[in-house]
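Please read them with the structure open.

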2 protein chains.
Amino acid sequence: MTCKKFRVIKPEIRVLGVDDGVFVFHRKRLVPVVGVVFRGGYWLDGVMHTKVKVDGLDATEKITSMILNSPHYKQLRVVMLNGVTFAGFNVVDIKQLNMQTKLPVIAVTREKPNLTEIHEALKKLPESEERWKAILNAGEILEVFTRSKSEKVCMQISGILEEDARKILQLTSTRSSIPEALRVAHIIASGIS
Amino acid sequence: MTCKKFRVIKPEIRVLGVDDGVFVFHRKRLVPVVGVVFRGGYWLDGVMHTKVKVDGLDATEKITSMILNSPHYKQLRVVMLNGVTFAGFNVVDIKQLNMQTKLPVIAVTREKPNLTEIHEALKKLPESEERWKAILNAGEILEVFTRSKSEKVCMQISGILEEDARKILQLTSTRSSIPEALRVAHIIASGIS
């Protein structure tokens, strides 16, 4: 793991928010995944996209390529994901994503992930051990108050200090309890799928 | 024409910005067109999309349907287009768009459209008279200073008073010389195509 310690977190820090679109289960094999570049919590600077398989094993690799091939890559300081499961149970291994992009990764969810339920669900899928390992690689589930003392979200981190990740979530959650880049990535991914 | 006179223009007025994606000429028959709902010049509220034919005649109809079928339709107060030509010379008739959506329409361009050049180009296409009529229906080309006294854009309007259209462009051009909804629609349409 390459752990980035931020000397200072600028208000216009370039962050990437990644989310997937809605999909009708089994009807479509590929689901659009959208990455949105924001300056802090205010300005949209860019959009990138890729596609991943429903319940596939390619999310980590596809999101890594999307980031590395983007013209925005050099400006990015942190990657934020809407949780670690995309397109069903296509699990992103945030340790791998951190190592391959050399960027800190923060996975954010509104609700606390229920690991027991996830473990049960994975058992019905091929390569369930590999998926479970990626879930565990996301590490401890930490609670963060973002926009206010009543708006709490959960995060899992890789390659970044807990303190820095907390600050980045607080700085970028300008419009809701989650970072603006993630809120907008969700709207775009839903709007194009 | 249904001409809307605004009693007051709220800072969070819901506007739609519409732009098309980049495309390789002749290789693709359909080009994505993205509509982005903004609250004034600050917050993205929604995304919708449609597809139009390269050099086709369906842009007015497709954009009308996209708007009327959107869950955001009732909140929208004004539609802004990046010019009146989409996907090559698929011309949007802003008078028609105004009548069918019952929403004021403002077409915005950074540069002044060169009508002589457009007229010449249209002659090489089928239904050139219909296209030219739509170009003329866009009406007078008006200049507006948006974000500052050095940032000028051009607009053509339908169903709205010139004074109100000027105010809306000034209010919503928060990040560049064009309204934020149009700047972001361009980034999204380019990022997904």
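1. Basis. This is a predicted model: local features need pLDDT of at least 70, side-chain atom pairs count only at pLDDT 80 or more, and totals for chains, interfaces and linings use all residues. Residues are numbered from 1 along each chain as its sequence is written, while chains are lettered from A and ligands numbered from 1 in the order in which they are written.

2. Chain contact. Helices (H or I, at least four residues) and strands (E, at least two) are DSSP runs, numbered from the N terminus. Ala, Val, Leu, Ile, Met, Phe, Trp, Tyr, Cys and Pro count as nonpolar, Asp, Glu, Lys and Arg as charged, and the others, Gly among them, as polar.

3. Helix α1 of chain A. This helix (residues 59–68) is mostly covered, with seven of its 10 residues buried. A residue is buried if 20 or more other C-beta atoms lie within 10 Å of its own, exposed if 12 or fewer, and partly exposed in between. The buried ones include A:Lys62, A:Ile63 and A:Met66.

4. Helix pair in chain B. α1 (residues 59–68) and α2 (residues 94–101) of chain B pack at about 25°, their axes 10 Å apart. That makes α1(B) roughly parallel to α2(B) (angles under 35 degrees count as such). Among the residues that meet are B:Ile63 and B:Ile67 in α1(B), and B:Leu97 and B:Gln100 in α2(B). This contact has four nonpolar, five polar and no charged residues.

5. Core. The largest nonpolar core has 114 residues, and A:Ile106 and B:Ile106 have the most contacts inside it. Such a core is a set of buried Ala, Val, Leu, Ile, Met, Phe, Trp, Tyr and Cys residues joined through C-beta atoms within 7 Å. A:Ile106 touches, among others, A:Val78, A:Met155 and A:Leu169.

6. Positive phi. Most residues other than glycine have a negative phi. B:Asp55 has phi near 55°. B:Asp55 sits in the loop between β3 and α1 of chain B, and counts as buried because it has 21 C-beta neighbours inside 10 Å. B:Glu127 has phi near 50°. B:Glu127 is partly exposed, with 14 other C-beta atoms within 10 Å.

Key. Axes fitted to C-alpha atoms, helices over the stretch in contact; angles between N-to-C directions. Parallel < 35°, antiparallel > 145°, perpendicular 65-115°, else oblique. Contact = placed C-beta atoms within 7 Å. Lists of a residue's contacts leave out its neighbours within four places in sequence.
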